[in-house]
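Please read the numbered points with the model open.

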Amino acid sequence: MNPGFEEVMGLRGRGMPESGEVTIKGQDPVFSARFRIGETTANILAGVGVAVNDIHEMKTGRRQKVSIDVRHAGATCQSSKLMKRQVDGDGWKTMDSPFMAHMRSITQPWRCKDGRWYLPHFNLPHLHERVLGVLKCESNAEAVSKAVAQWDSHDLEEAIAAARACGSIVRSNAEWLDHPHGKMLSGKPLVEITKIGESDPIPFPRGERPLSGIRVLDHTRILAGPIAARTLAEHGADVLMVTAKHLPQVPEHVMDTSHGKRSCFLDLNRAEDVATVKKLVQKADVFSQGYRPGIMDKHGLTPEALAKERPGIIYLSISCYGYGGPLTNRGGWEQIAQCTTGICLDNGSERPRLLPASACDYTTGYNGAHGVLLALARRAREGGSYHVRVSLCRSGMYIYKQGHVQYPKDDMGLSAAELDALMIESRTAHGTLKHLAPVLSLSETKPYWDKPSPALGSSAPEWLA
């Protein structure tokens with residue numbers, strides 16, 4: 001019995017798959033962490049596989065075998081970290097920008113004046129400057145540590161939020177579950193799927209792959225959202241990324257999360273570009289966005305508005321805190337979800353410690369893809385437009401719920417031989433990359449990306465014929 005997988009299957013509405021259809025192989029610890037990163041991720045990816053299988057059955061009348069290895073699933077939570085780029089005369093080099101290395105050195109839990117721990121988040125230049133504006137210190141670990149020590153934890157959390165920057169008190173899981181927002185989230189499913197409009201049933205397009213002919217408009221950046229759309233691309237969807245030239249990006253994440261996609265530039269601050277987005281929506285099946293709540297309202301791109309313009313749309317919203325509680329409007333990242341939900345506290349000993357993998361981000365991305373697959377199948381059966389919601393904190397709560405695990409040594413992970421067996425090489429707009437291939441196994445419809453990671457803005461804002 002696997003209660004974690006059973007919870008994922010509870011979203012399906014059809015019960016568990018037939019015995020022998022799904023194989024989840026292996027167990028944690030994959031990494032030197034006190035949480036079941038591999039098993040948790042494998043449960044969700046197996047759910048993705050069953051949802052793809054349901055679509056495959058609708059199209060062909062046949063079912064197929066689904067399998068996932070726990071160690072391989074865990075490796076996907078380090079996907080960008082594991083990617084390498086070929087450098088002339090210097091072999092393969094990992095992609096780690098100096099800014100991101102510096103960001104990680106200061107985006108850590110620091111002790112406050114009241115004895116509690118607080119993590120300020122410094123990712124992206126504009127958010128980095130906002131945090132420093134509150135702390136009034138230089139951008140190095142010693143200075144940040146001293147500055148945080150001058151604050152009481154709750155005062156600092158509120159000041160950072162007021163500056164529209166990001167950070168979190170390091171909470172225990174019990175404290176989070178007693179927090180008004182934690183109470184709200186604990187009453188929500190791992191993936192929320194809400195019907196928001198009517199349409200006739202829309203059958204899946206013909207094509208050899210489960211998602212052949214499905215069009216996805218991807219307005220997300222930096223891990224969870226791009227992973228959701230990349231997962232849909234693995235199964236044949238036409239994914240068109242939308243970003244703008246002025247929006248900050250993390251290059252290594254762009255390279256690794258864009259396999260199988262095309263990319264165009266559209267600026268939502270320009271009326272003519274918003275009009276182009278709405279034109280694309282007319283023929284889209286999925287609209288995915290990860291902006292703070294309220295941003296898309298300004299542009300007339302809410303779930304309800306798009307459901308009126310395109311009956312049958314599947315609208316995916318991805319956030320840090322989820323929807324409906326006092327923290328809904330706050331932005332956040334992987335590290336914040338770990339601190340908020342109790343993961344960071346329990347993973348440490350003398351001080352809180354972040355996980356060695358971006359488990360909240362990647363599982364949230366896979367949860368988002370799973371929700372979209374379920375909504376597409378429901379649309380094909382009974383019609384309707386649907387709003388799918390996932391969040392980093394809700395995913396973190398699911399990770400925590402799977403329980404703790406002891407690890408025997410530091411620096412655990414997949415061996416070089418294991419990783420080599422999972423890697424593929426792609427000639428991309430960013431050079432030749434060696435990166436993880438899809439790790440989910442389906443016996444008839446092998447997941448793969450049909451195009452390499454593109455340069456941002458390299459495609460026109462239009463759908464393939």
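By what fraction of the helix are E382 and R378 separated in α18, counted in helical turns? Being 4 residues apart in helix α18 (residues 359–382), E382 and R378 are separated by about one helical turn.

1. Basis of the note. The model is predicted: local features need pLDDT of at least 70 and side-chain atom pairs count only at pLDDT 80 or more, while totals for chains, interfaces and linings use all residues. Residues are numbered from 1 along each chain as its sequence is written, and side-chain values use heavy atoms, with hydrogens and water left out.

2. The side chains of E382 and R378 meet in a salt bridge (3.1 Å, N to O); the term denotes a side-chain nitrogen of Lys or Arg within 4 Å of a carboxyl oxygen of Asp or Glu. E382 is partly exposed at 40% relative accessibility, and R378 is partly exposed at 27%. Here buried means under 20% relative accessible area, exposed over 50%, and partly exposed in between (1.4 Å probe, protein chains only). Helices (H or I, at least four residues) and strands (E, at least two) are DSSP runs, numbered from the N terminus.

3. Salt bridges between separate elements. The whole structure holds 27 salt bridges. One of them joins R63 and E21 at 2.8 Å, N to O. R63 lies in the loop between α2 and β2 and E21 in the loop between α1 (3–9) and β1, so the pair ties together parts that are 42 residues apart in sequence. R63 is partly exposed, at 26%, whereas E21 is buried, at 6%. D238 and R262 form another salt bridge, with the closest N and O atoms 3.2 Å apart. D238 belongs to strand β10 (residues 238–243) and R262 to strand β11 (residues 261–265), 24 residues apart; both residues are buried.

4. The open sheet. Three strands follow the order β1-β2-β17, with mixed pairing; two strands pair if DSSP finds at least two bridges between them. β1 (22–25) and β17 (441–442) stand at the edges, each with a single partner strand, so one side of each lacks a neighbour in the sheet. Strand β2 (residues 66–69) runs antiparallel to β17, joined by 2 bridges, and S67 stands opposite S441 in β17.

5. Strand β16. In β16 (residues 431–436), 5 of the 6 residues are buried. Strand β15 (residues 423–428) pairs with β16 in the antiparallel sense over 6 bridges, and a hairpin of 2 residues joins them.
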